[in-house]
2 protein chains.
Amino acid sequence: MQAEIITIGDELLIGQVIDSNSAWIAEQLNMTGIRVVQISSISDNRDQITKTLGEALQRADIVLTTGGLGPTKDDITKAALCDFFETRLVFHQESFDNIERIFVARGYPMTDLNRAQAEVPECCTPMANRYGTAPGMLFEKEGRLVISMPGVPFEMKSLMQEQVIPRIRGLSHSSILHRTLLTHGVGESFLAARIEDFEDALPVHIKLAYLPQPGMVRLRLTASGPDFAELKQELEKQADELYRLIPEYIFGENDDTLEEITGKLLREKNFTLATAESCTGGYIAHLLTSVPGSSEYFKGSVVAYANEIKENILGVSALTIQKYGAVSQETVFEMAAGIIRHFNTNCAIAVSGIAGPDGGTPEKPVGTTWISVLSPMGAETRMFTFGEHRGRNIRRAALAGLDMLRKQLMTQNSAS
Amino acid sequence: MQAEIITIGDELLIGQVIDSNSAWIAEQLNMTGIRVVQISSISDNRDQITKTLGEALQRADIVLTTGGLGPTKDDITKAALCDFFETRLVFHQESFDNIERIFVARGYPMTDLNRAQAEVPECCTPMANRYGTAPGMLFEKEGRLVISMPGVPFEMKSLMQEQVIPRIRGLSHSSILHRTLLTHGVGESFLAARIEDFEDALPVHIKLAYLPQPGMVRLRLTASGPDFAELKQELEKQADELYRLIPEYIFGENDDTLEEITGKLLREKNFTLATAESCTGGYIAHLLTSVPGSSEYFKGSVVAYANEIKENILGVSALTIQKYGAVSQETVFEMAAGIIRHFNTNCAIAVSGIAGPDGGTPEKPVGTTWISVLSPMGAETRMFTFGEHRGRNIRRAALAGLDMLRKQLMTQNSAS
């Protein structure tokens, strides 16, 4: 059972709007075992709509379209559907009642343009749109389905959940299951070399994909087959194997973030954290405080961008900075010790580095970053060499610091 | 001159990743006068890639693809391109040197998989990828262009800006010009009411679009026509009119950010800034330090998430917090005064608010935020009532603080 999605609207083709509808629809279809083979974005053009629809129906059993159902002149999806199905528009009383209800509720007067929204192609089954004036439409042709929905995300989502999904669930006799493991601190190619044998040994119905992001590579396992329970068990087994092979890199799954995972560990242990940030400029504090409830374990931060702040507020010795430089093992350790002392926490992350684009030297090129992490479980100060891109260096340094703390908190024996 | 975009990757078809590359590419092409007629997202499937490429080249003069160029087994765009152009992979020394440079800089060992990334189809012109290991590739066939780029957004963007756009600029004979004014501190519908007459009076070949983001509404003017110089002049005139109508809301244009604009003003005046952040959790510091060279005017920040940090580090009186609460005019003013004193700057932004989802009360619901801004030009402490969404509240508070400082720095007379 295969599907295609067609999103219709000029705004998509001039880059004014990012098409987020498709990803959401694809995810929903996937969960019902329907595979999406292509997504196309096209303009509000009658010929292009009929042509693209025809091509999609040659490849897929179900075609879902969004957009072009509004009351204004540029919305011509209904006219194109009439062309395609060789039919004409007819008045649909229930859709009219729905439009009237919405206008009464809003206290707006109804125009002829709105009345025209109650007209639908004669051969379709209209689907009531609870949140808007354009009804959804379902067409059947030679055993295949065409479903037309409005492009407004919440109208489309309610139609999908209440009408489309119940209708197409059960059409597919196979299931598709995903499980995504999140890794940090290792490059895509190095990871691939480490788990090459695992990948080669995967059965044909289970696929592995590498999805890199700055500072992170996601490993997605996808299984497809007729038996949901069996697939789930198989994915479980393969994921366990990955945990066994690369335990030092996996920090979470699916939508987990390092700041959440690290925060959870701090909360469990009843620890408190503060950060002393130079090149990350408050970004670690920002990540930590993006998590609701982080005030339970996060006390705050000193962003010590100027050296005098490192000295006056964090208590780093002027001699240390003079002798070793602001980006050094010695300075970053004193920053960590200083923030623990002044903020009265038992954990600290301190970072000092050269984010770029300026400030690099032959000995300490842009990307050079020292990170010190202290906790009751241990102390570690490490150097990293990131790249040349300022924004990415900041993100990678922040994630590296959080991951160092996470690993320390996961060790079994307290070093204090 | 028409273009199509093909984004390649299974992650797009299962809804794991929203395709944001296409909108960005479409916008760039648009600005060079090239119209995008279709965007297609397809899977990492060799046959589908060649088939889709063939169909796209029948409709468009230029086809741009992203994705499927990574080092791992699931990346097969290069193999598909070899099929399509009936050619084979050959070793490309410059691409290899680039890969080696990146690995040396990162201190990672290079694997065979990375070496293979230096192989490109024989008939293409490789384009150096400054930020990643997969080179871009340009193919010409019967007067049409195929351009293949990696899917990692910042690698793709740098390739587009530095190599693709210069290459295709001038291919189109009509011009599309955009000019985007950035506003802060006003809602979309209020803005629309304020400039309704302006909008109604626009000539047909100039369009106005409202592009809202958290804490910001962008107003984009788009003009199209054959004469570039004439369009530019017309846009100039319309933009001037907007500046005249809503001067208090416009803070910049196009890719400007409030943190850059405010930073520029600080540098011009030789002022220094520090921030004292509670609910924004370091996000203002992060925005400011995202700008290269910000160390010239930004000294640092205290993220005072816990009340004891407000007292012990910033010197807010315990009595003030007890009497008025941490989210109050009095507390936030003392935070601003404290950070100026301790960090020895002449400007400060201090924020204390309830970001949510918890912590609200009937008197101070979630979204209540106090901001205090001090500078040699003046002092202002204001309350804002944002919404219920934690992430958006943090962003809106940060932008509001930066904009308060920007406005202070733009006043003519020093209050000190």
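This is a guided tour of a predicted model with chains A and B, going from one selection to the next.

Before you start, note that residues are numbered from 1 along each chain as its sequence is written, and that chains are lettered from A and ligands numbered from 1 in the order in which they are written. Because the model is predicted, local features need pLDDT of at least 70 and side-chain atom pairs count only at pLDDT 80 or more, while totals for chains, interfaces and linings use all residues.

**Stop 1: chain A as a whole**

Along its principal axes the C-alpha trace of chain A spans about 85 × 55 × 40 Å. The radius of gyration of chain A is 28 Å, whereas a compact globule of 416 residues would have one near 22 Å; this radius is taken over C-alpha atoms, and the globule rule is 2.2 Å times the number of residues to the power 0.38.

**Stop 2: a four-stranded sheet in chain A**

Now select strands E10, E11, E9 and E12 of chain A, which form an open sheet in the order E10-E11-E9-E12 with antiparallel pairing; two strands pair if DSSP finds at least two bridges between them. Which strands stand at the edges? They are E10 (206-213) and E12 (250-253) of chain A, and each has a single partner strand, so one side of each is left without a neighbour in the sheet. Neighbouring strands of this sheet are turned by 25 degrees against each other on average, direction ignored. If you zoom in on strand E9 (residues 175-183) of chain A and E12(A), you will see a pair that runs in the antiparallel sense over three bridges, and there A:Thr183 stands opposite A:Ile250 in E12(A).

**Stop 3**

Next, select H11(A) and helix H16 (residues 390-410) of chain A, which pack at an angle of about 35 degrees with their axes 9 Å apart. Axes are lines fitted to C-alpha atoms, for helices over the stretch in contact, and angles run from 0 to 180 degrees between N-to-C directions. The crossing of H11(A) and H16(A) is left-handed, a term used if the near helix is turned anticlockwise from the far one by less than a right angle, with right-handed used if clockwise. On the H11(A) side the contact includes A:Leu258, A:Ile261 and A:Leu265, and on the H16(A) side it includes A:Leu399, A:Leu402 and A:Leu405; two residues are in contact if their C-beta atoms, placed from the backbone, lie within 7 Å. The residues of this contact divide into nine nonpolar, one polar and four charged, where Ala, Val, Leu, Ile, Met, Phe, Trp, Tyr, Cys and Pro count as nonpolar, Asp, Glu, Lys and Arg as charged, and the others, Gly among them, as polar.

Then move to A:Asn270, in the loop between helix H11 (258-269) and strand E13 (273-277) of chain A. Phi of A:Asn270 is near 65 degrees, a positive value in a residue other than glycine.

**Stop 4**

Select A:Gly356 and A:Pro357, which are joined by a cis peptide bond with omega about 0 degrees; A:Pro357 is in the loop between strand E15 (347-353) and strand E16 (368-375) of chain A. In chain B, a cis peptide bond joins B:Gly356 and B:Pro357, with omega about 0 degrees, and B:Pro357 is found in the loop between strand E15 (347-353) and strand E16 (368-375) of chain B.

**Stop 5: where the chains meet**

Show both chains together: 64 residues of chain A are in contact with 66 residues of chain B. The side of chain A that touches chain B has 32 nonpolar, 25 polar and seven charged residues. Strand E2 (residues 35-42) of chain A is joined to strand E2 (residues 35-42) of chain B by five bridges, and these strands run antiparallel. In E2(B), the bridge partner of A:Gln38 is B:Ile42.

**Stop 6: two helices in chain B**

Finally, select helix H3 (residues 46-59) and helix H4 (residues 77-85) of chain B, whose axes come within 9 Å and cross at roughly 50 degrees. That makes H3(B) oblique to H4(B), since angles under 35 degrees count as roughly parallel, over 145 as roughly antiparallel, 65 to 115 as roughly perpendicular and the rest as oblique. The crossing of H3(B) and H4(B) is right-handed, and among the residues making the contact are B:Ile49 and B:Leu53 of H3(B) and B:Ala80 and B:Phe84 of H4(B).
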